[in-house]
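The following exercises concern a predicted model. Each task is followed by a solution worked in steps.

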2 protein chains.
Amino acid sequence: MFTDLSEFHEWFAHRGREQRQRVTKIPLDELEGWAADPLTGNIAHHTGGFFTVEGLDVTRSGRGVEAWQQPILVQPEQGVLGILVREFDGVPHCLLQAKMEPGNVNGLQLSPTVQATRSNISQIHGGRTVPYLRYFTAPRKGLVLSDVLQSEQASWFLAKRNRNMMVRVDEDVPVLDEFCWLSFPQISALMRLPNLMNMDTRTVLAGAAGLRLSEGDGSEDSFRGALTRSREADTSLHSMVEVLSWFTEAKGRCTLTRRSIPLNKVGGWSHRDGAIKHDLDLHFSVIGVDVESDSREVARWRQPMFEPRGQGIIAFLVKRIRGVLHLLVQARIETGALDGVEMAPTVQCQPDNYRSLPPARRPLFLDEVLGAPEDRIRFDSVHSEEGGRFYHARNRYLMVEVGDDFGPDVPEDYTWVTLRQLTEFVRYGNHLNVEARSLLTFFGFYEEE
Amino acid sequence: MFTDLSEFHEWFAHRGREQRQRVTKIPLDELEGWAADPLTGNIAHHTGGFFTVEGLDVTRSGRGVEAWQQPILVQPEQGVLGILVREFDGVPHCLLQAKMEPGNVNGLQLSPTVQATRSNISQIHGGRTVPYLRYFTAPRKGLVLSDVLQSEQASWFLAKRNRNMMVRVDEDVPVLDEFCWLSFPQISALMRLPNLMNMDTRTVLAGAAGLRLSEGDGSEDSFRGALTRSREADTSLHSMVEVLSWFTEAKGRCTLTRRSIPLNKVGGWSHRDGAIKHDLDLHFSVIGVDVESDSREVARWRQPMFEPRGQGIIAFLVKRIRGVLHLLVQARIETGALDGVEMAPTVQCQPDNYRSLPPARRPLFLDEVLGAPEDRIRFDSVHSEEGGRFYHARNRYLMVEVGDDFGPDVPEDYTWVTLRQLTEFVRYGNHLNVEARSLLTFFGFYEEE
């Protein structure tokens, strides 16, 4: 445990020196252990494990019809993302790991106690066993705090879900070198730092976003008071039945047709410079990397990764309604998600993709977010997406408070919800996308700077 | 409105005389308007609408591995099942329809106010408009009481879901000839009669199973008291987090692989006597019917239907735990369900399929249900499944109370839940299968005989 965060930073810097990693981009055709099928071009590992890169043909219709093709990561197996919780002197702490991932822009980030694909669990790569995994597999001794299948980046993954678990134990837990205990207020403070809490940590912590961290400032005027009421109070602009109905209605309005196609038949994309790239250099590229590491189960390996072309924007517009903070949530068609539509942040896009388009074709509310005055921005931090699959994938996460001149009337694919309502949806899975869950975690653990 | 149920029965008998229908089984190759694809044998309507009959290859593994092939109904579009609710003198009533369906063993049954496929809604068959539909499509004037996508028979349907809605209005509603208002206690009494409340009515009403119908008898000893506490009290053997974790764990334990195959390549099934039948005469047959009706949108048509080989058993074992009734729910691999696993009744099977098997291979708890003494059976009624797709498909729905010698320890795919917990799961969709929702409705509206 750390008595203050400077101790943590010292420890983390030390870890960075201990756990070295060298990542080099290499051409896709030099991916030892991986091969493109001669017929389809689909990229697979020689064991059949991990994941594959395939092609997807998508047609979606809501108000208009859109159709496109793209490469997609296929990883149907479910892994486990688990955080172990233990109280010290009555204060709950989470066991997090300083973990190197090849896609991390800064090497080391804080990951959950356990971040294991099914391939990890079944030892497909003959590496070391996953520490602490026994706390998350039956029969367990601890108390389960949350346990639900959640989707991951549905623009890049087809039907990928991981089991998100938090388990509390009361027994002594040996702490390995790369691991540390952090309290929720400490985690909350560290979330303001860029590229530190990795995606897996953020999504698992969403399961605890409804926890009462401290006595909130209940005054009518403060932002913090409105946020505390949003997390705890039972009042909201729309009832749960109304929000569920809005969500069902949105699912009925759209149709999403997805069809697997060979990777070498994906229109609009081509092999260039050893990678698979979009012909207009938009979206992302499929690249190869060579990784040398002394901290992972396997010391050296090569793998394909997705490298986004630009930094994304993920933002919730928020508004005080009758003193309770409400978030503007979007029912968003999610290419790879199990049910096609999930609840997403108000804005979620790569602005670069829209730079040359007229305002009418830019994503709704993007300009409200980018043009927000400094004193309206309640949270603003750049975080990384899953560094095991995505190379230098960063998003700017924002919380922007709108004024009285905005809403509450909004377009039909949007609605206002409270934090309490979102934390309820998170429990049941298949409702919030991973981007919304990340922001929910920031909100749930929000402390004033 | 009916002052007593004899008035209802008189009205219903009158409707039976007014709405005549003649259904004749015909060979599949005489299905005018429908044709089998020469290459695949898949059966489709010439418009491309309604549904198709295709082949499915299934592999599932949990403790062991099972693999089989079967015909399956494919109907990816979502229809609307809606019940309109209005108070008369402070008493809520539901608007139900006396509706003829070709598969109904007795012709007429009580269906929801609206039972519309998307084909109905978009008028694909050029028939009459669906009455009352406007109450269920946006913009609506009424108050939405429940609104959620729910799965249907996953042994026979691939990924079929319908939108289940209840909408309350305060305005006058014209009542067409085939429609009537029934109060919840009246519906509750009518549920004890066989083959009257159709499947669609039962699943929609599951959205209201948590309603407080009347002051329960709170005495510790009575079954009714235990049931009322199960519906209303906040105490349960397992917390919601524990039940959700049990459900997530069960999903992780099994894998289900489904692959569409041509209907004419389905192994173990063959064309015989104008139908597609299982080679051992188990499960169901795909048959053709000719329908003449004067009450439907179209007066005469032909269509394929699924005809089960025998009557099924659908039962919950229930047990009083600390004075609160608990239901033994099963995490069941559901062939056609979106997420592969749903919560199902304790027992759900066609006993005929297992008659010749040794006891160890018979479904768990089937013998407890079939051998239950009379005084342990709390509910026992035969009901029909969806008469638009299934021909004479009937299931015996049972509620059997076990004694102190049973449980509470149960195998890992089973757990004890309260009615209150089940009604919570129903709100979010993708949790309870249609058979469990039917039984939940019977429990939710349970009154002593």
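**Exercise 1.** Locate Lys277(A) in the secondary structure, decide whether Lys277(A) is buried or exposed, and identify the polar partner of its side chain.

Solution. 
- Step 1. Lys277(A) belongs to strand β16 of chain A, which covers residues 275-278.
- Step 2. The relative accessibility of Lys277(A) is 16%. The cut-off for a buried residue is under 20%, so Lys277(A) counts as buried.
- Step 3. The side chain of Lys277(A) forms a polar contact of 3.4 Å with the side chain of Asp273(A).
- Step 4. With neighbours within four places in sequence set aside, the contacts of Lys277(A) are Gly268(A), Trp269(A), Ser270(A), Arg272(A) and Ser285(A).

**Exercise 2.** Carry out the corresponding analysis for Asn164(A), and state which side chain is joined to that of Asn164(A) by a polar contact.

Solution. 
- Step 1. Strand β12 of chain A, residues 161-168, contains Asn164(A).
- Step 2. Asn164(A) has a relative accessibility of 4% and is therefore classed as buried.
- Step 3. Thr203(A) is the partner: its side chain and that of Asn164(A) are joined by a polar contact of 2.6 Å.
- Step 4. Beyond the neighbours within four places in sequence, Asn164(A) is in contact with Leu81(A), Ser146(A), Asp147(A), Val148(A), Gln150(A), Thr203(A), Val204(A) and Arg437(A).

**Exercise 3.** How many of the ten residues of helix α5 of chain A are buried, and what covers them?

Solution. 
- Step 1. Helix α5(A) spans residues 223-232 and is mostly covered, with nine of its ten residues buried.

**Exercise 4.** Determine which rotation superposes chain B on chain A, and name the residue of chain B that comes closest to the axis.

Solution. 
- Step 1. A rotation of 180 degrees, with 0.0 Å of shift along its axis, brings chain B onto chain A at an RMSD of 0.0 Å.
- Step 2. This is therefore the relation of a two-fold axis.
- Step 3. Within chain B, Tyr428(B) comes closest to the rotation axis, its C-alpha lying at 3.6 Å.
- Step 4. Both copies use the same surface, as 100% of the contact residues of chain B recur in chain A.

**Exercise 5.** Describe the volume and the lining of the largest cavity.

Solution. 
- Step 1. There are seven cavities of 30 Å³ or more in the structure, and the largest holds about 230 Å³ of space.
- Step 2. Its lining consists of 27 residues, of which Tyr428(A), Gly429(A), His431(A), Gly429(B) and His431(B) are the closest to the centre.
- Step 3. The elements that give two or more residues to this lining are β10 (143-151) and α6 (240-253), in chain A and in chain B.
- Step 4. By residue class, the lining comprises ten nonpolar, eight polar and nine charged residues.

Methods:
Residues are numbered from 1 along each chain as its sequence is written. Chains are lettered from A and ligands numbered from 1 in the order in which they are written. This is a predicted model: local features need pLDDT of at least 70, side-chain atom pairs count only at pLDDT 80 or more; totals for chains, interfaces and linings use all residues. Side-chain values use heavy atoms; hydrogens and water are left out. On a 1 Å grid over the protein atoms alone, a cavity is a set of points where a 1.4 Å probe fits but cannot get out, and a pocket is an open set with protein on both sides within 12 Å along at least five of seven lines; lining residues have an atom within 4 Å of a point. Grid points are joined across faces, edges and corners, and a volume is the space filled by probe spheres set on the points. Helices (H or I, at least four residues) and strands (E, at least two) are DSSP runs, numbered from the N terminus. Ala, Val, Leu, Ile, Met, Phe, Trp, Tyr, Cys and Pro count as nonpolar, Asp, Glu, Lys and Arg as charged, and the others, Gly among them, as polar. Buried means under 20% relative accessible area, exposed over 50%, partly exposed in between (1.4 Å probe, protein chains only). A polar contact is a pair of N or O atoms within 3.5 Å; within protein, one must be able to donate a hydrogen and the other to accept it, and residues adjacent in sequence count only if both atoms are side-chain atoms. Contact means heavy atoms within 4.5 Å. Copies are superposed by least squares on the C-alpha atoms of residues with pLDDT of at least 70 in both.
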